[in-house]
Amino acid sequence: METTLHRYPVLFASLIALTATPAWPSSGDPEDVVPKSGPRQPNVLFILIDDHPAHMVSLLDESMVRTPNMERLAARGTWFSRGYNAAPVCAASRAAFLTGVHPANSGAYYNAQNWRRTSAPIAQATTMQGHFRQHGYLTAGYGKIDHTPYQRETLDDYTPGFRVLHRDRSQGIKTDADLVPHIIPETLRVPDPDYLATRIGALPDDWDRDDPTKLQEDTVHADRTIKFLGMDHQQPFFVTCGFWRPHSERIVPKRYFDLYPLENVRIPESYLPGDLEDVPAAARWRATKRGTHAAVVNSGLWREYLRSYYAATTYVDEQIGRVLDALESSAYADNTIVIFASDNGYNAGEKDMWAKFALWEQTNRVVFAISVPGLPVQMSSTPVSLLDIYPTLLALCGLPAPGPQKLDGIDLTPVLKGERAERGQPVLSTFGQGNHSIRDERFRYIRYRNGDEELYDHFSDRHEWHNLAGNPAFAGIKSTMAGWLPKYNAPDIEPAMTDRPRGAWDGSELRQDLFELLERGEVPVQNYNRVYQEVLNWP
Ligand SMILES: [Ca+2]
């Protein structure tokens with residue numbers, strides 16, 4: 001499809017007027033939810049991808065990657081060019097948008113916190129699909145939606161994603177480890193043998209076609225979503241298709257790699273050598289500690305690595321296209337809301353980092369689109385949060401507010417309708433207790449729990465190269481932005497971590513570093529990764 005966003009009006013929202021002492025968090029007022037009139041509530045199709053840098057799309061002209069089906073999504077409704085996660089961590093980002101509760105209010109900050117089985121209040125929250133189910137919707141989910149195994153409890157039909165964590169091999173879905181033996185040997189790259197998730201490689205081109213024994217998991221999840229959309233449903237439905245790519249390990253059939261000849265792949269223009277010199281010690285430590293970028297560069301693989309990202313992105317884009325084809329040829333084409341998002345962004349070498357675990361633009365910014373039949377096609381530049389999905393869907397589908405939790409997001413319906421250009425509040429992203437980033441139309445302000453700060457002016461510095469936090473000329477801006485910091489910082493929900501045997505990158509090493517930094521008075525971004533050994537033992 002050749003349609004691009006450039007043909008559509010772009011809404012340039014003006015800088016949000018920041019007033020003193022705003023209330024944080026806000027919540028959707030139940031009285032604002034107006035029941036939808038009409039014979040049948042709209043269906044919801046929620047398409048999720050994982051760890052996708054928001055600039056790696058063909059519709060923004062910022063990357064060589066080809067994503068024609070993301071362009072289709074943009075051409076259906078509103079594409080948010082400044083969508084942000086609530087936390088740059090899979091489990092925390094997903095827990096936030098699935099419950100509508102910000103990490104600063106839930107205490108769900110890290111990957112291995114078992115937020116569905118904690119004694120903290122967040123365990124009682126009604127998830128989005130659970131709430132829709134309580135109100136008469138048929139719910140289904142295929143693939144990775146939640147980071148815990150418990151999405152099964154709110155879905156009428158279900159295929160586990162992220163099976164390693166879900167420990168459910170009954171469906172015969174292949175893990176990345178299952179794919180590795182099939183990689184074309186000369187394409188296999190392992191920049192860091194101590195961290196096998198860095199592997200990349202190409203599968204033979206008979207994969208992800210017709211042979212049912214040669215399907216990657218995302219192909220299977222797309223197939224199951226397509227099957228669901230082809231069925232006759234008597235109730236309105238809410239189906240989620242959670243894709244694993246472009247998350248590592250970046251293994252996809254060779255034809256996707258071939259789309260991106262290595263000689264055409266360039267080091268990102270967003271990379272600045274020495275970029276970390278003006279950021280706080282904690283941020284520098286977090287960016288470089290694992291050493292993935294150093295391993296990639298030292299292996300001479302940066303461009304190959306980028307190519308694998310593009311290949312994995314185009315593969316998942318194709319799966320999105322198959323699901324959209326199925327929707328558009330189904331009985332539900334004209335009465336289905338489509339939400340599209342990634343849980344996280346990603347630094348692909350910028351700031352010497354290959355990861356998402358940071359409070360910068362590229363780790364917090366996500367692809368995000370909402371299309372509602374009959375509403376305008378537009379690109380919106382107002383900063384919005386994935387937390388806004390829940391209250392927006394309640395308004396669009398005429399459902400009451402859930403409970404017992406209070407939703408922290410904002411109903412974007414007026415923006416979707418073109419009635420308002422602005423969300424009305426900057427977006428808060430949080431990485432560990434007390435470490436926050438505030439993003440408005442122009443600035444990103446970061447404050448760590450020890451008081452260290454970063455400030456970036458996107459009008460002059462879209463790659464966040466120059467930390468202005470120490471510049472007295474911006475003291476007023478910093479103060480205004482700081483007014484949006486949460487007044488409450490929920491304690492970590494009880495850690496899943498125990499004294500089980502640990503691998504090379506399982507947190508114990510991190511904890512040691514944490515203590516060393518603490519002794520030196522440098523409080524780092526908290527240990528995000530309480531690790532797979534724990535998660536694997538979830539009931
Ligand atoms: Ca810098």
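## Tyr488 and its surroundings

Apart from neighbours within four places in sequence, Tyr488 is in contact with Ala104 and Asn105; two residues count as in contact if their C-beta atoms, placed from the backbone, lie within 7 Å. Tyr488 sits in the loop between helix 15 and helix 16 (508-519). Helices (H or I, at least four residues) and strands (E, at least two) are DSSP runs, numbered from the N terminus.

Is Tyr488 buried or exposed? Tyr488 is exposed, because 9 other C-beta atoms lie within 10 Å. By the definition used here, a residue is buried if 20 or more other C-beta atoms lie within 10 Å of its own, exposed if 12 or fewer, and partly exposed in between, with C-beta atoms placed from the backbone. The C-alpha atoms of Tyr488 and Gln433 are separated by 9.8 Å, and these two residues are 55 residues apart along the chain.

## Model and confidence

This is a predicted model, in which local features need pLDDT of at least 70 and side-chain atom pairs count only at pLDDT 80 or more, while totals for chains, interfaces and linings use all residues. Residues are numbered from 1 along each chain as its sequence is written.

The average pLDDT of the chain is 85, and 83% of the residues score at least 70; pLDDT is the predictor's confidence in each residue, from 0 to 100. Over residues 1-38 the pLDDT is below 50, and this stretch has 73 contacts in the model beyond near neighbours in sequence. Residues 496-539 also have a pLDDT below 50, with 79 contacts beyond near neighbours in sequence. Where pLDDT is low, the predicted coordinates should not be read in detail.

## The chain as a whole

The chain has 539 residues, of which 55% are buried. Its secondary structure comes to 17 helices and 20 strands. Of the contacts with a separation of 6 or more, 73% are between residues 24 or more positions apart.

## Helix 2

Helix 2 (residues 90-99) is largely enclosed by the rest of the structure, because 10 of its 10 residues are buried. Among them are Cys90, Arg94, Phe97 and Thr99. The cover over these buried residues includes helix 3 (103-106), helix 4 (128-134) and helix 13 (389-397). Just after helix 2, Gly100 takes a positive phi of about 80°.

Strand 4 (residues 83-84) runs parallel to strand 16 and is joined to it by two bridges. Gly83 has Val384 in strand 16 as its bridge partner.

An open sheet of four strands has the order 17-18-19-20, with antiparallel pairing. At its edges are strand 17 (427-430) and strand 20 (453-457); each has a single partner strand, so one side of each is left without a neighbour in the sheet. From one strand to the next, the twist averages 15°. Four bridges pair strand 17 with strand 18 (residues 436-439) in the antiparallel sense, and Leu428 stands opposite Ile438 in strand 18.

Helix 15 (residues 475-482) lies across strand 18, strand 19 (443-447) and strand 20, and runs at about 70° to strand 19. Axes are lines fitted to C-alpha atoms, for helices over the stretch in contact, and angles run from 0 to 180 degrees between N-to-C directions.

Note on methods:
Two strands pair if DSSP finds at least two bridges between them.
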